[in-house]
Amino acid sequence: MIALRWLSDNAGVMAEYFLAHVWLSVLPLLLGLVLALPLGWAAHHFGFLYRPLVAGSALLYTLPSLALFVLLPQVLGTRMLDPVNIVCALTVYTVALLVRVVADGLAAVPEDTVRAADAMGYTAVQRWAAVELPVAVPVIAAGLRVASVSNVSLVSLGALLGIPQLGSLFTLGFQLGYLLPIAAGIVLCLLLAWLLDGLILAAARLLTPWKRAETPA
Amino acid sequence: MIRFDQVTKAYPDGTVAVDGLDLTAPTGRTTVLVGPSGCGKTTSLRMVNRLIEPSSGTVLLDGRDTAGLDTAELRRGIGYVIQNAGLFPHRTVADNIASVPRLLGWTRRRARDRALELLELVGLPASYAGRYPAQLSGGQQQRVGVARALAADPPVMLMDEPFSAVDPVVRARLQEEFLALQREIGKTILFVTHDIAEAVTLGDRIAVLRVGGHLAQFAEPHELLTRPVDDFVADFVGRDRGYRALDFAAPAALEVREEPAVRLGATLEQARAAARDGWALVVSDENRPLGWIDVGAAAPGTAGTDPVGHGHLLLGGTTARRSGGLRELLDAALSSPSGRGAVTDDAGALTGTVTPEDVVRAITAARAEDAAAGAGRETGPGATAAGGDRNRAAAEGTA
C-alpha cells in the first residue's frame, strides 16, 4: 500500500529522471559513434595508426569513471553539476569502445569487394560511404549495443555528483533507508537498456536486408 | 587499343614484377596474358586501370597516356572482372550492375533499365534483379560480375581470372558464353589466366609471361601451340599441345558417314536390324544422339519386341559438331564405344558418324594445307592458320 502510494507520488519525478537518463546515455552514444567512425577509418586505412589508436582508446576505457566525472569540470571549465560533464565522459567511453569496432568492421569487408569498388572508379570517400560502411554495419551495430548498455549503467554514477537521472533513485533510497526507489531505479535502467538495445537491433536490421538473404531459403 | 610501352614494375624490396613489357592489345579483340604465378600477369593488368602504378614506362589507352588521366574517371571507363566477382554483398543484383552508371550520374531509372538489359545479356532471368549476391551460385555471381563490368558500355575490359573459381562444368559454359558475347560486343579485352587451355580457347592473341615479368612469346593460339619459341613456352603450353592445336584446323576434307540410328523406344529387333558391327546409335525424337546400344549384350532375358530404354544405353561417347574443330571430332571418335563418333549439326541433330581413321586422314590433309599456307605466314602478318576458323567446341554432350 505504502509502496504504491510512493510510486504514484513520485511517478512524475521518475519520468523526469528516466528522460534525463535517456538523453544522458543516448547523446554520448551518438557523439561517440560520430567520432569513432573517422578514427576507426584512420586506424584501418593507415596501418601504422591501428595500434596507437586502438591501444590508446582502450586505455581511455580504463580511466575510472568517477575520477573522470570529477576531473572533467576542471579540464572543460564547466560547473561540477553541469550534465555536460557526464556527456563528455560517456562520449570518451563510447569512443574507446567503438574505435576498435569500427576499424575491425572495416577490415572485415572482403578484399575483393574493396578492390572492385576501387576498380570501378569509386573515390576514397564514395567507397567508404557507399561500400565499406554499409558492409560493416553488422559489426558496428554489435559494438553499439555493448556501448549503449555500458552508457546506461555509467550514467547512474552521475547521481554521486548530484546530476538528476535514474541513479538519483539509488542515492535517494540509500538516504531514506528504503529499498523501493532503488528497485524502481534498477527496473527503469533495465527497461531503458532493453529499449535501446532493441532500437539498435531494429535499425541494424533495417540497414542490412542483405544479411537476412544470406541464410539460404 | 591498350599499349604497354617499356612498362616496368619494381618494388622497394627489389622484386621486379614486370620487366620492360612491350605489348599491344588490339581494339575489339581478346588478348590473354598467361603464365605461372609470379610472372606479373595480374600486376600488368592492374597497371592498365592504375590499381598499381608502373615504376617506369607508359600504358596507353587508345594512344592516351593513362598516367595523365584522373584515376576515378579512367576506371569508370574500363570494365573490370575479378576471380570471385567481388560483388557488393549489400546491394541487390540490379544495384550491383547499376554501380558504375550511378557513379557516372545516370538517373536511377535509366541505370535500372540498363541493369535489366544486361541481366538478360548474361543469361540471367529478370527475377534475379532483386536478389542479393549471397543468394546466387558462384557461376551466377560471375555472370553478374561480367554484367556489372559491361554496365556503362566501356570500350575496354580487364578480366583477372574470372572463371578460375567455378567448377569445370560451369567454367566451360561461361567460357562458351564469353566467346558468344564477345562476338556480339567486340570489346578490347585484356584477360589474365594461369590456364593455358583457357588462354587458347578464349584468346585472339596470347602473351606468355615468365617469372620475373618477361614476355616470352606473343602470338596467336595456333602459332603458340605449333611453334613455341623456346623450352619455357613449350613446357608451359604443355604435353597435349599437338592435340589441342587440332582446334585450329578446320576439318575441310572430312567425310561424315551415314549412320542408321534408331529412336529411343524402338524395339530391340529394330535396333538389331540397324546395327553395324554390333552397335546401334540411339537418338531422341529430336534426332539428338543419346547413346549406343550393344545389340549382342542387350539380349539376355529380353524379348526382341521390348522397347529400347535409357537403361540399354552406353553413354561414354562425346558428340562433335560438324563445324567444330578436329579435336572435337577426334574425341568423339575415340570416346565412342562403337568406334564411330556421332557428328551433329550446330543444333545438335545427328548428321552421321566418323571413325578415328577418318579424322586422322583429315588431320593429315589439314597439315598439308597448313604447310602450304605456312610459307605465306612467314612473310605476311595477316595470314592465319589454314582454315583458321575459330569455331570451337565448348559444350560436348555425351552420346
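Colleague: How far apart do the end C-alpha atoms of residues 182-204 of chain A lie, and how much of the span is helix and how much strand?

Modeller: Keep in mind that this is a predicted model. In it, residues 182-204 of chain A are 100% helix and 0% strand. The end C-alpha atoms of that span lie 33 Å apart. The unreviewed UniProt entry annotates 182-204 of chain A as a transmembrane region, along with 21-43, 49-72, 84-103, 128-147 and 154-176. Take 154-176 of chain A next. That span is 52% helix and 0% strand, and its end C-alpha atoms are 23 Å apart.

Now to chain B. The domain assignment gives domain 1 (2-247) and domain 2 (248-399). Their centres, taken over C-alpha atoms, are separated by 34 Å. An unreviewed UniProt entry places the annotation "domain: ABC transporter" on residues 2-237 of chain B. Those residues are 38% helix and 25% strand. The end C-alpha atoms of 2-237 of chain B are 25 Å apart.

Next, the packing. The largest nonpolar core has 47 residues. B:Val34, B:Ile97, B:Phe191, B:Ile196 and B:Ile206 touch the most other members. Look at B:Ile206. Beyond its neighbours within four places in sequence, B:Ile206 is in contact with residues including B:Val32, B:Val34, B:Phe218 and B:Leu224. Another core, of 35 residues, lies apart from the largest one; A:Ala117, A:Tyr122, B:Leu21 and B:Val192 are among its members.

There are cavities too. A search of the whole structure finds five of 30 Å³ or more. The largest cavity has a volume of about 80 Å³. Its lining includes A:Met120, B:Arg75, B:Tyr80 and B:Arg148. Helix H2 (71-76), strand E6 (78-82) and helix H6 (138-150) of chain B each give two or more residues to this lining. E6(B) gives the most, with three.

Last, two backbone details in chain B. Most residues other than glycine have a negative phi. B:Asp277 has a positive phi of about 55° and is not a glycine. B:Asp277 sits in the loop between helix H12 (268-274) and strand E12 (279-283) of chain B. B:Asp277 is exposed, at a relative accessible area of 72%. B:Asn287 also has a positive phi, near 70°. B:Asn287 is in the loop between E12 and strand E13 (289-294) of chain B. With 24% relative accessibility, B:Asn287 counts as partly exposed.

Terms used. Residues are numbered from 1 along each chain as its sequence is written. Chains are lettered from A and ligands numbered from 1 in the order in which they are written. This is a predicted model: local features need pLDDT of at least 70, side-chain atom pairs count only at pLDDT 80 or more; totals for chains, interfaces and linings use all residues. Side-chain values use heavy atoms; hydrogens and water are left out. Domain bounds come from an automatic or database domain assignment. A nonpolar core is a set of buried Ala, Val, Leu, Ile, Met, Phe, Trp, Tyr and Cys residues joined through side-chain atoms within 4.5 Å. Buried means under 20% relative accessible area, exposed over 50%, partly exposed in between (1.4 Å probe, protein chains only). Contact means heavy atoms within 4.5 Å. UniProt positions are given in the numbering used here, feature names are shortened, and annotations may be inferred rather than shown by experiment. Helices (H or I, at least four residues) and strands (E, at least two) are DSSP runs, numbered from the N terminus. On a 1 Å grid over the protein atoms alone, a cavity is a set of points where a 1.4 Å probe fits but cannot get out, and a pocket is an open set with protein on both sides within 12 Å along at least five of seven lines; lining residues have an atom within 4 Å of a point. Grid points are joined across faces, edges and corners, and a volume is the space filled by probe spheres set on the points.
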